Amino acid sequence: MLQGLYDLVLRRNIQILDLSGQEGFVDVTGSNPYKLISIGGGFKANSSIVVTTTREVLLVESTTVGKNRSFHIYNKDQKAREKDRKKQRALEKAKLGEEGKTSPRKSSSKKKNGNEEDNLCDFVNPETPLGEKKRFSSLMPKQYSPCTVEKSWYEWWEKSEFFKADAKRSKPKFVIVLPPPNVTGALHIGHALTCAIQDTLIRWKRMSGFEALWVPGFDHAGIATEQVVANHLWHETGMTRHDFGREEFLNQVWKWKNEYGGKIQAQLRRLGSSLDWSRECFTLDEQRSKAVTEAFVRLHKEGLIYRANRLVNWDCHLATALSDREVEHVDIKGRTPIKVPGYDQPVDFGLLTSFAYPLERGGGELIVATTRVETMLGDTAIAVHPADARYKHLHGQFAVHPFSGLKLPIICDEKLVDPSLGTGCVKITPAHDPKDFDAGKRHNLKFINILTDDGRINANGGPEFSGMPRFTARKAVVEALQRKGLYRGEHNHEMRIGLCSRSSDVAEPMIKPQWYVSCSDMAKEALDVAADGKLQFIPEHYSAEWRRWLENICDWCVSRQLWWGHRIPAWYATLEEDQLQEVGAYNDHWLVARNEEEARQEAALKFAGKKLSELSQDPDVLDTWFSSGLSPLSALGWPDETEDFKAFYPTSVLETGHDILFFWVARMVMLGKKLGGGDVPFRKVFLHPMIRDAHGRKMSKSLGNGIDPLEVINGVTLAGLHTRLEKSNLDPRELVVAKKGQVKDFPKGIPECGSDALRFALVSYTAQSDKINMDVLRVVGYRQWCNKLWNADRFAMMKLGDDYTPPPLHTLSPEIMPLSCQWILSVLNKAVSKTVDSLNAFELSDAANTVYSWWQYQFCDVFIEAIKPYFFAENPYRTHAQAALWMCLEAGLRLLHPFMPFVTEELWQRLSSPQDCERKASIMICDYPSPIEAWTNEKVEAEMEMVLATVKTLRTLRAAETLERRRNEKLHAFALCGNALTVKTVLSYELEIKTLANLLSLEVVLKGEDIAAQLGSVVVEMVNENLKVYLKVDGTAMNAEVEREKIRNKMEEIQKQKDKLEKVMRVNGYEEKVPANIKEDNWRKLAKLLEEFQFLNDRIE
């Protein structure tokens, strides 16, 4: 509570007269949710201090009236806006000639208080009108705030059309089509990874001189959306979709889409995705629908789409066929109760039930076993192995079905039957099992469907079971078999069941008349382009997965028994002369056309002289993957010959998760090559890892470990995480488990990290094989790193000054700069080269780490510290240091921009521009850095490597226990050099070593000179074979035994390294097989180890 503030005030004998504010009213005498953590600054008269609370930052103003002090507590943002309005009004009055009376006297206030931070409004950005360029505060805030930094930029980028590509420009093209997320959903952390990767590539290419186009698209997600809306309507009205009727239900879905579909667009913008929104696509919009119809018609005319009565995965709860992608397979070891939609009690799976079929001629039986005993109602044969002697006498005979009386032929099938398993007899249900379906085709068996679309036993199952739900019938069949004396028991059995990913229903194999795409020929073409190198996979090992899928491809069922989607452009012609009048009775009566008028014209030609009774369109819709598979084509205007299609097709890269390599990528390649003029739809396929939680578990609602990217960007409390779970459709028991998971993983919620930190973390993760173990703490680390960038820029701004104008790039001469400046420009050159090489190789993690390392370990940790002396008084190297500082900041921000767009734009905009140089409006349309030959200096880099090793050694000596109390004290040091070259190098970098190692002095001497008398009490360490450093520690009590123990430990470590290296060098064949350069390196390493060992041995003696 703010009682802490109250107590603090009372201890200072200050009476509180008033505690009030507008949005942040606080009463310290009562209870409220604020908790005082810290108070910054002191209680100065008429001044402001900041109170940090667990909920928000409050502004506390104190005013002295006589001997009393009053405090006013405000919400900080509200107070900033209020002050900004007052300031604006004062400026308006000043324009009217009242400047002397009403203008705020900011400068005099600063002089009076001696502290510019007292006027907090100088650090608060003014409000920026939507779409305008961001307006900055007069002073740069001391702390980095993601929400403040990332505000306003995106709207300005978008309004300025920086994301928009021009098909008419002659620049080389780089095109990515966004994998379309489901329109009614919300982005999860996997989508955020996709956006981070793709936006990094797009921004880099845009800055590298390409006409970069990133097309946003959204998927109607047929089965997912229909289920969501149907459930919503059921809860709201108690009506099913069938109660509404097709037309009204679709109206409700469109209403839902329009109301909730904008959420994803907002999330994409919040992530900084530089998508060309003028080309936004939706799979059900007019142009994409036209493309779907055209593709279906063309493929049908080529004989690649056909209608057939085949086995499909059927969801009885949703009453639709499912793609393989929509079925999740679960392995179970034995009896396992599973909750199935439509059943009050869980259904047992993992049981193998045995029963007997009596033989037709009497006196015998065949025992079979099944995990789905209810399917025996559709059995049409029993199979044995032709070589099984036990049943040779039964070949060609019959068994009798105990309920229908149907004669079941006893057939021989060596493909289906393994005589060593069970009794060696297999029941065959051709209409409800994939293997039995194939056997039924081989042996020309009857196909008896026993289920209705909603999973009940139909009339074919017999009157005793007709109308029963399939799993209710399972128990009824067992009981009926028991009554007939044919039941032989059950036992636990390992099995795999398929569950619909949308409804959790158990997928049922059923025979249905559906439309299929013939895939074998198109798959061969897709295999050929990969083998020929026209299609490249990154990482390369996925090419083997590509072959595995496409070499074993089956025809693709594209029919879905839904309403939300692209209705199949096929019409059934019913003729007056047809004996069977129901739709679909004759397969050759189907007509595929672009519209009904065209279908009637085709009917007139096909059935010339016959009278058409009715023409009815297929009520089914197409699989969502069909329209998604056309994305690279339809996103650019196909089937029309648009400017976009001519300029941007084929696209450059397809980037997505490796889990949909077949279901989406392969289909795009097959359809794109067939319909797009024979070319592949993209040249490269970049497959990113799948995201797991920090413990390696798959993210799911039930575990409570799912992460919403906005929760990481904006931050969320543990209570907020719980609230999200409570609004989901989790079972109450799952909700308890999920909340416990959140308490364990996020005990304090998730702190605000911002988009930049999240993007950078995700990109840096991509080197992790095929899975990413996502730890939010890593994102928090990058958010803290953003603060380091911020402070580095603040330092630069102070040292450059408000009026600084950098020199033109062509006038920069590194050779006359201080060595530290030469070094930073050279290593920047190297970082630029390595980053570009890594991006070209799609090694984004390496690229991100390279940029990070330069900023963190070279610019911030070394360069900024090393150049500080040049800003003392009138140093002759000051202008050189300023130039190098500006060059590094400007180029470094451009280097970082594709990874972290917001903070780099904010910092870049605060930088001044060189003379006679036209400044680009935004960093995102600047050129990406490229190496500058004149900046490369290998000699200085090598020397600086030794300097930094020296500094590290000196810091290690300072960190010893014996110097604990003098860690921050400047000490005297000596450098003992083994040769004149080392002396020269150390002397050249004396200032850098003294600055970075915090030394009072550094005396450099050549080995052999008598310095023992000068040294006194010292600690010593070896840098390399030619350099030892000493720290003078007069007045410090040294524990000789402790120092000797440290030396002995180091000697043991060196001995281990030496033994290991000598063992390698003694291996048989070493001299003959190992390259000469490696052998030379090993001898050099060994010599260094021996020298270090001798050095330590001399010290201990």
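A: A word to start with: a cavity is a set of grid points where a 1.4 Å probe fits but cannot get out, and lining residues have an atom within 4 Å of a point. Please keep in mind that this is a predicted model.

Q: OK, which residues line the second largest cavity?
A: The lining is made up of H220, G222, I223, E326, R560, L562, W564, G565, V621, L622, D623 and T624. At least two of the lining residues come from each of α7 (222–237) and β30 (621–622), and by class the lining has five nonpolar, four polar and three charged residues.

Q: What volume does that second largest cavity have?
A: Its volume is about 60 Å³.

Q: And how many cavities does a search of the whole structure find?
A: The search finds five cavities of 30 Å³ or more, and the largest cavity holds about 100 Å³ of space. Of the 15 residues that line the largest cavity, those closest to its centre are G217, C281, S631, S634 and A635.

Q: What classes do the residues of that lining divide into?
A: The lining of the largest cavity divides into nine nonpolar, five polar and one charged residue, with β8 (217–218), β9 (281–282) and α18 (631–634) each supplying at least two residues.

Q: Switching topic, is helix α20 buried or exposed?
A: Of the 15 residues of α20, 14 are buried, so the helix is largely enclosed by the rest of the structure. Just after α20, G677 takes a positive phi of about 90°.

Q: What about aromatic pairs, how many are there?
A: The search of the whole structure finds 43 aromatic pairs. In one of them, Y154 and W157 have ring centres 6.3 Å apart and planes at 70°, so the pair is edge-to-face. Y154 and W157 are three residues apart in helix α5 (residues 153–159), and are therefore separated by about one helical turn; both are buried.

Q: Which pair links distant parts of the chain?
A: F296 and F626 form an edge-to-face pair, 6.3 Å centre to centre with 65° between the planes. F296 belongs to helix α11 (residues 286–301) and F626 to helix α17 (residues 624–628), 330 residues apart.

Q: Last one: where does the charged end of R548 sit?
A: It sits over the ring of W549, 5.3 Å from the ring's centre. R778 lies over the face of Y765, at 4.3 Å from the ring centre.

Technical notes: Residues are numbered from 1 along each chain as its sequence is written. This is a predicted model: local features need pLDDT of at least 70, side-chain atom pairs count only at pLDDT 80 or more; totals for chains, interfaces and linings use all residues. Side-chain values use heavy atoms; hydrogens and water are left out. On a 1 Å grid over the protein atoms alone, a cavity is a set of points where a 1.4 Å probe fits but cannot get out, and a pocket is an open set with protein on both sides within 12 Å along at least five of seven lines; lining residues have an atom within 4 Å of a point. Grid points are joined across faces, edges and corners, and a volume is the space filled by probe spheres set on the points. Helices (H or I, at least four residues) and strands (E, at least two) are DSSP runs, numbered from the N terminus. Ala, Val, Leu, Ile, Met, Phe, Trp, Tyr, Cys and Pro count as nonpolar, Asp, Glu, Lys and Arg as charged, and the others, Gly among them, as polar. Buried means under 20% relative accessible area, exposed over 50%, partly exposed in between (1.4 Å probe, protein chains only). Rings of Phe, Tyr and Trp (its six-membered ring) pair if their centres lie within 6.5 Å; planes under 30 degrees apart count as stacked, over 60 as edge-to-face and the rest as tilted. A charge sits over a ring if NZ of Lys or CZ of Arg is within 6 Å of the ring centre and within 35 degrees of the ring normal.
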